[in-house]
Structure formats: structure tokens, C-alpha cells
Amino acid sequence: MKQSQLFTKIRKEVPAGEVSKNAQLLIQAGFVYKEMAGVYAYLPLGWRVMNKIIEIIREEMNAIGGQELFLTALQSKEIWEKSGRWSDEVIDVWFKSQLASGTDVGLGNTHEEPITALMKQYVHSHKDLPVFAYQFQTKFRNELRAKSGIMRSREFIMKDLYSFCKNDQQHEKFYEECKQAYTRIFERLGIGDKTFVTFASGGSFSKYSHEFQALSDAGEDIIYLSRDKNIAVNEEVYNDEVLAELNLKKQDLEQHKAIEVGNIFSLGTKFSDALDLTYIDESGEKQKVIMGSYGIGPGRAMGTIVELCHDEHGIVWPESVAPFRVHLISLLKEGGGVADQMYKKLTDMGVETLYDDRDERAGVKFAQADMIGIPYRVVISEKTLEKNAVEVKKRNESEARLVLQEELYSLFV
Ligand code: ATP
Ligand code: MG
């Protein structure tokens with residue numbers, strides 16, 4: 001894409017009133033637009049990043065047998081009353097409204113109830129199980145505090161997967177596979193070295209849930225990390241009994257602030273009971289379906305990546321999620337002929353390139369490129385042209401090097 005055509009512009013000032021680093025950087029560099037507190041629109045650069053994150057998650061969910069669907073944001077009161085979760089005392093973040101007829105509706109803040117109700121039409125026999133269904137869907141939550149930028153929004157996309165199994169054994173097997181898939185996802189998102197499986201409260205249906213917590217001072221959670229065992233314990237379940245059970249010693253644990261980027265839950269039969277989801281087993285007996293739910297917020301993941309991957313000049317995107325792979329910067333005064341050709345060749349090769357073809361000073365172009373944070377900066381100028389070369393610098397390295405023009409392309413095959 002030509003930068004002259006990108007309608008978003010880099011802002012000179014850090015946006016006023018933003019306390020979180022991710023929102024400051026993302027707004028300033030034109031990735032997101034703040035509609036109101038806790039509500040963000042994704043602009044072309046930000047939407048590209050979002051889609052990369054989503055695609056990585058999608059690949060990993062498909063790899064463990066997930067089937068993608070798309071439920072509705074509008075929710076009817078009846079099915080939520082069956083589980084007792086229509087009540088504002090049970091779920092305190094509901095946005096509720098009414099149809100023209102006066103019927104109560106809510107905007108989904110999670111989707112256990114509707115997907116369980118839906119499965120009643122398709123799950124009858126043990127042969128119909130297991131089922132693993134997931135979606136990327138907008139959730140609405142009237143969050144009390146929304147000070148963490150895109151990491152805690154009132155409207156956000158969630159990947160939520162729901163598992164339906166015939167027994168505990170089948171459930172445990174999938175739960176473990178999903179845990180592994182989550183580990184791969186955060187690895188691929190470039191935050192694997194900072195993200196740890198964390199034992200957290202399991203709610204009423206199981207002893208623990210597992211959170212994926214990324215170490216960061218911007219986090220809202222406190223965890224206790226064992227580097228040796230590569231696991232952590234959320235402060236909410238940090239007590240002598242739990243430590244003994246997990247074979248952890250207090251003195252070996254580090255206390256950290258952390259961001260919950262993902263959460264997986266065993267639900268037992270809580271929702272299959274409430275909504276009466278059963279199947280007929282091998283011996284003709286009626287049985288309850290065992291469920292689990294598995295969430296990741298791609299927006300929160302994006303905010304976390306920015307919190308963990310930036311320097312004083314701007315964002316430093318991991319290659320896997322960067323909006324473009326190459327930032328081609330032309331400093332040529334006499335038209336852009338050679339740079340234009342280079343842009344065309346890179347694009348034809350399938351290398352995602354942002355081409356700074358604007359008439360701006362070199363210093364401005366470099367500073368703005370650093371803010372945007374694309375992994376490879378390729379500069380072409382009169383000086384480099386004399387040597388039939390371009391200057392290549394990685395965003396996370398300080399030294400640029402000269403690369404012959406014909407050798408440039410082999411860097412990206
Ligand atoms: P938190 O404790 O941070 O409020 P939660 O435990 O309520 O989160 P879940 O219901 O487990 O969140 O949601 C699954 C995932 O969705 C979370 O791990 C997180 O990645 C993401 N998520 C949750 N709330 C938000 C939000 N307000 N904005 C953006 N992403 C969110
Ligand atoms: Mg959670």
C-alpha cells in the first residue's frame with residue numbers, strides 16, 4: 001500500500017487523557033480510533049494486525065478440530081433465565097434493551113447459553129460427540145473500569161470455543177489439546193516467552209480454570225510464577241492448600257503483575273443441566289453432555305503485544321502480526337521510478353509492503369516508520385542508488401546495512 005493513500009496520519013502529540021501505553025501508541029500511530037471510553041474502532045493498520053492475530057488463532061483452533069460458526073450478538077432473555085445468568089446480580093456487565101414489541105433482549109457478553117441451546121438440535125447420540133465449535137464475535141460488557149486501552153473494552157471481539165463431550169475422559173483430552181494450542185498461539189503471536197499457564201479459580205464447576213497470563217506492569221492481575229515448573233498461580237487461589245497440591249514452595253515463586261490474555265474453563269454439566277442438553281449413550285441410557293469454554297481476546301492480545309513490544313520510538317511488531325512486513329521508504333527527489341519498481345516487485349512477490357512515497361523529510365519518514373513499527377525498513381536514496389543498493393534495517397536492530405538491489409528480494413522469499 002502506498003502511504004500517500006493511507007487516510008490515517010501519524011499524530012504529533014500523544015493523545016490526551018489516555019493512561020495506557022497501548023492506547024497511546026496505537027492511537028498516535030493510527031491503528032485505532034477512540035469512539036468513547038472503552039470503545040475503539042480499528043483503522044486500516046490496526047485491522048490488518050487484528051486479522052493476522054485472528055488468523056493465527058483460527059489456524060490453531062482448526063488444527064484441534066474446531067468448527068467455526070457465528071452466533072448472534074442479540075440474545076433473548078428466556079435462555080439466559082434458564083441458567084440464572086439473566087440477572088444483573090449474577091452478570092453485572094450486561095447491556096440490555098428491548099425489541100419494538102417490548103420483548104427483553106441483551107447483547108451477548110459470552111455465549112454458553114445460546115450455543116448449548118443450539119446444540120440441542122444437533123446432539124442426540126454418543127455418535128454426535130464430541131463437538132468443538134468456535135467463533136470470533138463481538139462481545140459487549142459494561143466494564144466498570146476501562147483504563148487499559150484496547151485490553152479492556154466495552155465492545156470487543158472474542159474467540160470463544162465451546163466443547164461438548166460425552167464423558168470426562170473425552171473432555172480432559174480436548175482440554176489438554178486446547179491448552180497446548182493456546183501455548184502455540186501465544187508463541188506465534190511473539191509473546192510466548194512472557195506468557196504462562198496460570199492456575200485460577202474454576203468457578204462453581206471445577207477446582208481450577210487455566211489462564212494464560214503475560215507478565216507486564218500494565219496487567220490488572222497478580223500472579224505467583226514458578227520459573228522452574230513453568231506455571232503460575234493467580235493470587236485469587238494463592239493459598240497453602242493450592243501450593244501443596246501443585247507442589248510449589250512459596251520461596252520459589254516470583255510475584256508479578258500480569259495480563260490475562262486467555263482463559264480455559266471446564267464447565268462440567270452446569271449449562272447442559274440448565275438447558276437440558278443430553279445424549280443417548282452406547283447402552284441406550286440418557287447422559288448429560290460435559291462442556292468446556294475457551295476464550296481469547298484478539299484485541300487484548302494486540303494491546304498486550306504493544307505493551308511488551310515497544311521502545312521509546314514506537315511499536316516493534318513481531319513479524320507474525322505486523323501490519324506489513326516491509327516499510328519501503330523512498331528518499332529519491334527525482335520522481336520515484338526505481339522505488340516504484342521495487343514496490344511493484346515486492347508486492348508481486350506477495351511481500352506485504354507499505355511504500356512511503358510521500359514528499360516528506362527523511363527525519364520525519366524515519367520517525368514515523370519507527371512509530372508504526374514494521375519489521376523491515378528498506379530505504380532507497382540517491383546515495384544508496386549510486387551503489388546499486390538499498391539500506392535495510394530491522395526495527396529491533398540499531399544498525400542498518402547496505403544490500404544490493406538484486407539481493408533485496410531474496411531476503412523475503
Ligand atoms: P477479566 O478478568 O480480565 O475481566 P474475564 O475473565 O472476564 O476477563 P473471560 O470471560 O474469561 O474474561 O474472557 C476470555 C478472554 O476474553 C479473556 O481472557 C481476555 O483475553 C478477553 N477479554 C475479556 N474481557 C475483555 C475486555 N473487556 N476487553 C477485551 N478483551 C477481553
Ligand atoms: Mg477470565
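This is a predicted model: local features need pLDDT of at least 70, side-chain atom pairs count only at pLDDT 80 or more; totals for chains, interfaces and linings use all residues.

I began with ligand 1, which is surrounded by 15 residues, the closest being Glu143, Arg152, Ser153, Glu260 and Arg300; here a residue counts as near a molecule if one of its heavy atoms lies within 4 Å of it. Residues are numbered from 1 along each chain as its sequence is written, chains are lettered from A and ligands numbered from 1 in the order in which they are written, and side-chain values use heavy atoms, with hydrogens and water left out.

I then sorted the shell around ligand 1 by residue class, and it divides into five nonpolar, five polar and five charged residues. For this count Ala, Val, Leu, Ile, Met, Phe, Trp, Tyr, Cys and Pro are nonpolar, Asp, Glu, Lys and Arg are charged, and the others, Gly among them, are polar.

Which strands supply at least two residues of the shell around ligand 1? I found strand E8 (155-165), strand E13 (254-268) and strand E16 (290-296), and the largest share, four residues, comes from E13. Strands here are DSSP runs of E with at least two residues, helices are runs of H or I with at least four, and both are numbered from the N terminus.

Next I looked up polar contacts, which are pairs of N or O atoms within 3.5 Å. A polar side-chain atom of Glu260 lies 2.6 Å from an oxygen atom of ligand 1, while a backbone N or O atom of Val261 lies 3.0 Å from an oxygen atom of the ligand. A backbone N or O atom of Ser153 lies 2.9 Å from a nitrogen atom of ligand 1. The protein covers 82% of the 590 Å² of accessible area that ligand 1 has on its own, as computed by the Shrake-Rupley method with a 1.4 Å probe.

I turned to the sheets, where two strands pair if DSSP finds at least two bridges between them. Five strands form an open sheet with mixed pairing, in the order E20-E19-E21-E22-E23. Strand E20 (353-356) and strand E23 (401-404) stand at its edges with a single partner strand each, so one side of each is left without a neighbour in the sheet. Within this sheet, strand E21 (residues 376-380) and strand E22 (residues 389-394) run antiparallel and are joined by four bridges, with Val379 opposite Glu391 in E22.

A further open sheet has three strands in the order E4-E6-E5, paired antiparallel. Four bridges join E5 to strand E6 (residues 104-107), and Phe95 stands opposite Leu107 in E6.

I also noted a hairpin of E1 and E2 with two residues between them, where Gly38 in the turn has a positive phi of about 75°. Four bridges join strand E1 (residues 32-36) to strand E2 (residues 39-42), and Tyr33 stands opposite Ala41 in E2.

Last, I looked for aromatic pairs and found 15 in the structure, a pair being two rings of Phe, Tyr or Trp (its six-membered ring) with centres within 6.5 Å. The rings of Phe31 and Trp317 have their centres 5.4 Å apart and their planes at 50°, so the pair is tilted, since planes under 30 degrees apart count as stacked, over 60 as edge-to-face and the rest as tilted. This pair links distant parts of the chain, 286 residues apart.

Key: A polar contact is a pair of N or O atoms within 3.5 Å; within protein, one must be able to donate a hydrogen and the other to accept it, and residues adjacent in sequence count only if both atoms are side-chain atoms.
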